[in-house]
Amino acid sequence: MLGWGCVFPLTFLIQQYSSTRNGYPRQLQSYFSGSVNYKSLNEHTMVSVDGEQENTADTDAEVTFHVVGDAYVDFFSFLDGEWPESGGDSRLDQPVKCYAGGSSVNTATHLKALIKNFTEEPKPKVILHTVLNPDDHYGQMLLDHADEHDIPIDNCRRDDDNLSTGHCIAIVSGGERSFMTHQGVVGNFGADDLDVDKIAKTSTHLHLHIAGFYNIPGFWNGKLKRKLEAVREIRKEMYPDRNTTISLVTQHDATREWDGGLSDLFPLLDFVFMNDLEARSIIRCGCESSKNKRIEFEHEHMQWADYFGRQHPTSNAIVTRAEKGSVALRGKKILSKQKPIVMNSIDPTGAGDSFTAGFIYGLWSWRSSSTQQKTGIDEKWPTEAIEEGMRWGVSVASAAVMIRGASIPPDSTEIKKFLEQAIEPEYPVFDNGYSQISSCY
Ligand SMILES: Nc1ncnc2c1ncn2[C@@H]1O[C@H](COP(=O)(O)OP(=O)(O)O)[C@@H](O)[C@H]1O
Ligand SMILES: [Mg+2]
């Protein structure tokens with residue numbers, strides 16, 4: 001249950017790392033003498049973590065989920081007191097804990113757990129496309145996590161890339177989380193490293209999710225766009241009667257430019273997920289550029305609806321607002337809103353990633369339970385499907401923020417409890433986008 005929730009004080013790991021001959025902690029040495037050669041996981045060998053060749057086409061399930069993005073090992077410090085002043089020291093009541101992390105790992109883990117707990121056979125596959133260095137202990141930890149959760153990894157790391165697996169210090173303090181990240185191999189991850197052909201040739205319906213867009217410079221300025229276009233073209237040709245849904249999580253842009261060609265990606269995206277801080281930053285930078293004029297609105301939701309509606313009329317923007325709830329927008333209108341359920345989160349790290357996993361799960365469970373649109377290309381996802389996504393999104397996120405660590409799936413009974421508390425959709429949504437002006441929580 002605890003996954004990588006085992007306690008690994010940072011100093012312990014550093015000592016172990018430096019105390020062994022080849023640089024690997026002693027307890028990990030066995031991996032290199034065992035039957036599984038993790039080195040062979042490189043270069044588009046789609047393998048399950050036990051070394052078996054993974055056949056993505058061989059499934060009777062309705063859909064296959066491919067999750068692409070950043071993977072890190074997170075060292076969590078739970079800071080109850082003040083931040084240390086420069087040159088100072090702060091006491092931590094709890095030991096530093098170490099978990100698998102990164103937006104793609106978090107989302108894939110939550111999604112896989114939802115499928116395991118709530119979906120009947122045949123269960124859809126969740127395949128993770130990321131970069132890690134299997135020759136370091138961080139990479140091994142991520143592989144172990146994927147193994148534990150039964151998620152096959154397509155390691156897209158280039159052969160000549162000897163940087164370390166990405167890792168990150170996460171400081172949880174005052175209900176917020178802050179990061180200091182060494183990107184390692186994630187910094188070299190490029191869209192060209194993705195085996196687009198293999199992803200596109202998935203014979204079921206396909207949900208392709210891009211996680212942590214702003215963490216991966218190699219996806220910016222048209223590079224990912226060309227790959228997504230290729231996916232759509234291949235599938236139109238090969239599987240004209242199968243659905244292709246593409247979603248993306250922006251994440252925070254450490255460069256603070258909030259561009260990277262995101263606007264140009266919108267026409268290819270069915271869903272774009274971001275938190276309110278990210279939405280405001282994207283809009284502010286977008287409006288500063290010449291083509292977009294900033295317009296003042298009565299409520300911020302309407303400004304978001306207008307801005308993202310102008311990017312593309314049928315793309316859905318989902319903005320999560322931590323303890324203020326979440327809102328789904330399309331075509332300059334508000335489609336659906338969810339109130340928060342829990343009030344005092346224990347650890348908000350990865351809340352957005354768990355929300356996304358819940359949303360994607362809700363979307364497809366609506367589709368499989370719906371009598372309509374079982375086959376055929378959907379022009380756009382109907383509002384009812386998005387409402388179901390929002391309901392699952394808020395329920396999974398609410399359960400996840402009550403657990404320390406971003407990649408620890410909550411108990412299914414907790415999720416069920418929150419599903420019952422998630423609100424019914426508000427109708428009607430008027431032309432100005434509000435169902436009731438006073439209900440803009
Ligand atoms: N402090 C909180 N209290 C209640 N719910 C929260 C809290 N933080 C996050 N959530 C839940 O998680 C979802 C995503 O959180 P948010 O902070 O917006 O995303 P991110 O992790 O990207 O910053 C929210 O819509 C809400 O359902
Ligand atoms: Mg947040």
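Mentor: Let us begin with contact: two residues are in contact if their C-beta atoms, placed from the backbone, lie within 7 Å. Please bear in mind that this is a predicted model.

Trainee: With which residues is Leu-111 in contact, leaving aside its neighbours within four places in sequence?

Mentor: They are Phe-65, Val-126, Ala-357, Ile-360 and Tyr-361. Each of these pairs is called a contact because the C-beta atoms lie within 7 Å.

Trainee: What makes Leu-111 part of a nonpolar core?

Mentor: Such a core is a set of buried nonpolar residues joined through C-beta atoms within 7 Å. Leu-111 belongs to the largest one, which has 104 residues, and is listed with Leu-142, Leu-329 and Val-396 as having the most contacts inside it. Helix H11 gives the most to this core, with nine residues. In soluble globular proteins, nonpolar side chains tend to be buried together.

Trainee: Why is strand S1 called mostly covered?

Mentor: A residue is buried if 20 or more other C-beta atoms lie within 10 Å of its own. In S1, residues 63-69, seven of the seven residues are buried, so the strand is called mostly covered.

Trainee: How do you know which faces of S1 are covered?

Mentor: In a regular strand the side chains alternate between the two faces of the sheet. On one side of S1 are Val-63, Phe-65, Val-67 and Gly-69, and on the other Thr-64, His-66 and Val-68. These residues are all buried, and both faces are therefore covered.

Trainee: What makes S1 and strand S8 a pair?

Mentor: Pairing requires at least two bridges. S1 and S8, residues 205-211, have seven bridges in the parallel sense, so they pair; Thr-64 stands opposite Leu-206. S1 and strand S4, residues 126-130, have four bridges, also parallel, and therefore pair. There, Val-68 stands opposite His-129.

Trainee: What surrounds ligand 1?

Mentor: The shell has 19 residues, and the closest are Thr-320, Ala-322, Ala-351, Gly-352 and Ala-397. Helices H10 and H11 are the elements that give two or more residues to it. By class, the shell has nine nonpolar, eight polar and two charged residues.

Trainee: Where is the pLDDT below 50?

Mentor: The average for the protein is 84, and 79% of the residues score at least 70. Over residues 1-45, however, the pLDDT is below 50, and residues 430-441 are also below 50. Where pLDDT is low, the predicted coordinates should not be read in detail.

Terms used
Residues are numbered from 1 along each chain as its sequence is written. Chains are lettered from A and ligands numbered from 1 in the order in which they are written. This is a predicted model: local features need pLDDT of at least 70, side-chain atom pairs count only at pLDDT 80 or more; totals for chains, interfaces and linings use all residues. A residue is near a molecule or strand if its C-beta atom, placed from the backbone, lies within 6 Å of it. Ala, Val, Leu, Ile, Met, Phe, Trp, Tyr, Cys and Pro count as nonpolar, Asp, Glu, Lys and Arg as charged, and the others, Gly among them, as polar. A residue is buried if 20 or more other C-beta atoms lie within 10 Å of its own, exposed if 12 or fewer, and partly exposed in between; C-beta atoms are placed from the backbone. pLDDT is the predictor's confidence in each residue, from 0 to 100.
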